[in-house]
Amino acid sequence: MPVKTLSKFVSLRVKTNEYDRTAGFDFQKEFVNFKTGIIIKFRIDFLIINTCIQNYLLQTFNRTSLDLHFSENRISYMINITFPDGAVRQYENGTTALDIAKSISEGLARKIIAANVNGQVWDATRPIYNDASLKLLTWNDTDGKSTFWHSSAHLMAEAVESMFPGVKFWVGPPVENGFYYDMDLGDRKMSDEDLVALEKKMSELARKNNSYIRKEIPKTEAVKYFTDKGDEYKLDLLQGLNDGEITFYTQGNFTDLCRGPHIPNTGFIKAIKLTSIAGAYWKGDEKNKMLTRVYGISFPSQKELDEYLLMLEEAKKRDHRKLGKELGIFTMDDDVGPGLALWMPNGTVIIEELEKLAKETESAGGYKRVVTPHIAKESMYLTSGHLPYYKDSMFPPMELEGIKYYLKAMNCPHHHKIFAAEPKSYKDLPLRLAEYGTCYRYEQSGELFGLMRVRCLHMNDAHIYCTKEQFYEEFKAVNDMYLKYFKIFGVDKYVMRLSLHDPAKLGKKYVNEPELWIETEALVRDVLIKTNTPFVEVQDEAAFYGPKIDVQIWSIIGREFTLATNQVDFAQGRSFKLEFTNHDNKAETPLIIHRAPLGTHERFIGFLLEHYAGKFPLWLAPVQVKLLPISDKFLNYAKTVSQQLKKADIRAEVDDRNEKIGKKIRDTELMKVPYMLVVGEKEMNENKVAVRRQGKGDIGVKDVVAFINEAKEEILERRE
Ligand SMILES: [Zn+2]
Ligand SMILES: [Zn+2]
């Protein structure tokens with residue numbers, strides 16, 4: 001074995017399943033053998049010619065390939081790891097995220113599901129060979145959850161294979177809540193009882209604490225494996241892959257073709273619920289074979305599963321489609337078309353209250369309101385780039401006098417044209433143009449869902465045109481507006497997801513403005529930090545023209561909603577040739593902020609219906625006060641009080657039905673009206689009302705005027 005002495009240490013890590021073959025290793029060396037899962041580490045003080053050591057190790061470990069990381073040029077024993085807070089620490093080359101977590105604390109290590117290494121999600125057990133930025137991921141990170149659920153899909157596949165030998169697998173991705181795996185069971189069918197048995201089997205396998213072992217595989221070997229297994233679906237996946245990008249993951253008795261990442265071992269999966277069985281055409285094409293899709297969800301503790309199931313139960317009761325119908329908020333009609341909501345009078349009241357709030361807030365924030373048409377010529381969307389990039393999400397064009405017109409999918413281009421209509425100087429900036437704009441988007445029929453996914457939406461839109469110097473203040477004001485709204489609506493849990501660019505993709509996926517990217521990303525981050533706004537950063541998910549902030553909120557029962565997206569834009573200004581004259585009398589392109597804090601009426605009212613379970617706070621309630629006369633004798637008095645209320649801008653109605661008072665109260669409760677005023681002999685004679693508050697019951701007899709004053713105050717303050 002030709003070896004060359006080297007003064008520095010060299011760190012080599014050899015991945016293998018065979019621990020016991022190390023004895024054959026007979027270099028003159030300082031030999032450290034410690035096990036982190038399947039990794040054995042050698043520390044030697046020789047530089048060995050690459051191919052020789054490779055051959056030697058292949059022989060020693062009796063294998064045809066090795067995951068060997070070794071570089072003659074960049075031999076460094078230590079690497080620099082940069083943490084999210086900017087701290088840089090040194091670790092041995094070949095360390096893993098899990099090693100690093102362990103070096104911090106055992107408690108932390110137990111929670112580490114995966115890691116973000118240089119912007120990519122990795123196995124926590126995968127060695128790191130170069131300087132890297134590192135974020136340890138736990139169950140609380142979205143990427144952590146996805147990794148957890150995707151790993152659970154592998155576990156389910158292992159269980160399925162043990163119960164249905166010969167089953168073939170297609171793909172098993174994580175979804176918003178849980179995971180699924182598509183499989184071909186041949187002639188067999190899976191029943192609900194099978195699901196129960198599968199859950200049991202999965203728990204049993206999980207308890208074995210089997211590691212998810214990653215292995216790089218040459219294509220020929222991978223093809224042989226799945227040919228022998230007879231899984232044509234995996235062979236189909238392999239067709240699109242090349243040597244060097246193929247990895248297998250094995251846990252227990254199950255091996256899957258997968259690029260990963262996965263959790264360290266199955267022991268993390270403590271609670272499992274398989275939720276449903278569905279049919280799914282292979283590759284989503286109805287000409288293909290129908291595969292069996294099994295959905296499930298898993299958690300790191302039984303408590304979390306129990307909470308989730310309880311939340312689902314509660315969510316069912318609060319389903320916005322059910323409540324929307326019961327409370328007369330909105331309806332859909334086949335003749336109007338799918339995804340096109342018709343807002344009923346009660347829903348329209350809520351819309352108008354929301355718009356009132358938005359207009360008040362925006363007016364105080366120095367916004368100016370505009371109104372724009374619902375259609376525009378093709379040429380404008382070519383300028384904006386919506387055509388062809390966004391074409392699939394737009395309704396097909398209508399042709400008029402030889403010109404194509406499109407329904408607008410976004411309000412921005414129209415607003416840009418308003419900006420461009422008159423010459424601008426730096427004195428005109430910042431210019432904030434607001435509109436509750438109606439947009440139309442072509443969502444696939446299968447994607448439509450109540451108010452959450454629709455084809456016509458009313459957006460709380462605005463575009464802010466500003467200079468680079470003004471950007472920080474403007475962005476901060478937008479952020480403050482969000483926080484103000486969260487307070488009003490009692491949204492306690494929210495996270496801003498800041499999507500950043502990838503410098504390697506400048507000029508391709510992202511506008512080629514390296515400095516502006518860095519500058520604006522830093523400014524946005526700074527605002528979020530200074531305002532104590534919780535946020536997470538995601539690499540390589542920005543919009544084409546700038547960093548993007550997705551706002552995620554949680555309803556009172558803990559369900560997550562994506563409310564809106566804020567975008568910083570330094571490209572559209574240029575495409576539309578938007579300019580202002582700067583201090584130096586030169587033409588400059590403004591930065592644009594796209595923002596919609598209340599999202600769309602559709603999605604936001606859908607959210608509010610669930611959040612409040614239909615029990616809107618007084619200021620939003622379609623009917624605020626219901627007058628309930630004990631008998632017909634007091635109907636006139638009820639009507640008089642109702643008139644007084646209306647004069648004070650309180651939405652009041654009289655229950656003039658010839659029903660018993662008990663029934664009137666029950667029915668009003670069902671309609672979730674905040675205040676009920678019961679009137680009879682005594683109330684009429686003393687000009688009073690007996691007040692019942694939704695959810696609280698009887699709160700006593702009050703003077704009509706006193707009640708009106710109190711209610712007005714509650715409305716004005718938009719109390720929860
Ligand atoms: Zn996988
Ligand atoms: Zn916009």
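In which loop is the place of Lys586?

**View 1. Lys586 in its loop of the predicted model.** In this predicted model, Lys586 sits in the loop that runs between strand β30 (580-581) and strand β31 (587-588). Because it has 9 C-beta neighbours inside 10 Å, where 12 or fewer is the limit, Lys586 counts as exposed. Ser425 lies 161 residues away from Lys586 in sequence, although the C-alpha atoms of the two residues are 9.6 Å apart in space.

**View 2. The chain as a whole.** The chain has 720 residues, of which 36% count as buried, and its secondary structure comprises 21 helices and 37 strands.

**View 3. The largest nonpolar core.** This core contains 88 residues, and the members that touch the most others are Val524, Leu627, Val641, Leu677 and Val679. Residues are contributed both by domain 4 (344-372 + 409-611) and by domain 5 (625-716), and the core therefore lies between these two domains. When its neighbours within four places in sequence are left aside, Val679 is in contact with Leu627, Pro629, Ile630, Phe634, Tyr637, Ala638, Val641, Met684 and Val689. Another core, made of 52 residues, lies apart from this one and includes Ile113, Ala114, Ala124 and Ala206.

View 4. Helix α15 covers residues 514-530, and its 17 residues, at 1.5 Å a residue, should span 24 Å, which agrees with the 24 Å between its end C-alpha atoms. The buried residues of α15 are Trp517, Thr520, Leu523, Val524, Val527 and Leu528; seen down the helix axis they fall within an arc of 140°, so they line one face of the helix. Val524, named here among the buried residues of α15, is also one of the residues that touch the most other members of the largest nonpolar core. Turned away from the buried side is the face that carries the exposed residues Glu515, Ala522, Ile529 and Lys530. The cover over the buried residues of α15 includes helix α14 (468-488) together with strands β26 (494-499), β27, β28 (548-554) and β29. After α15 comes Asn532, whose phi is positive, near 60°.

**View 5. The eight-stranded open sheet.** Taken in order, the strands of this open sheet are β20-β24-β25-β32-β29-β28-β26-β27, and their pairing is mixed.

View 6. With β28 it pairs in the antiparallel sense over seven bridges, and Val551 stands opposite Ala564 in β29. The two strands β28 and β29 form a hairpin with five residues between them, and in the turn Gly558 has a positive phi of about 90°. Strand β29 (residues 560-569) also pairs with strand β32 (residues 591-595), again in the antiparallel sense, over three bridges. Within this pairing, Val568 has Ile593 of β32 as its bridge partner, while Asp569 has Ile592 of β32.

Conventions: Residues are numbered from 1 along each chain as its sequence is written. Chains are lettered from A and ligands numbered from 1 in the order in which they are written. This is a predicted model: local features need pLDDT of at least 70, side-chain atom pairs count only at pLDDT 80 or more; totals for chains, interfaces and linings use all residues. A nonpolar core is a set of buried Ala, Val, Leu, Ile, Met, Phe, Trp, Tyr and Cys residues joined through C-beta atoms within 7 Å. A residue is buried if 20 or more other C-beta atoms lie within 10 Å of its own, exposed if 12 or fewer, and partly exposed in between; C-beta atoms are placed from the backbone. Domain bounds come from an automatic or database domain assignment. Two residues are in contact if their C-beta atoms, placed from the backbone, lie within 7 Å. Two strands pair if DSSP finds at least two bridges between them. Helices (H or I, at least four residues) and strands (E, at least two) are DSSP runs, numbered from the N terminus. The expected span of a helix is 1.5 Å times one less than its number of residues. The arc is that of the directions from the helix axis to the C-beta atoms.
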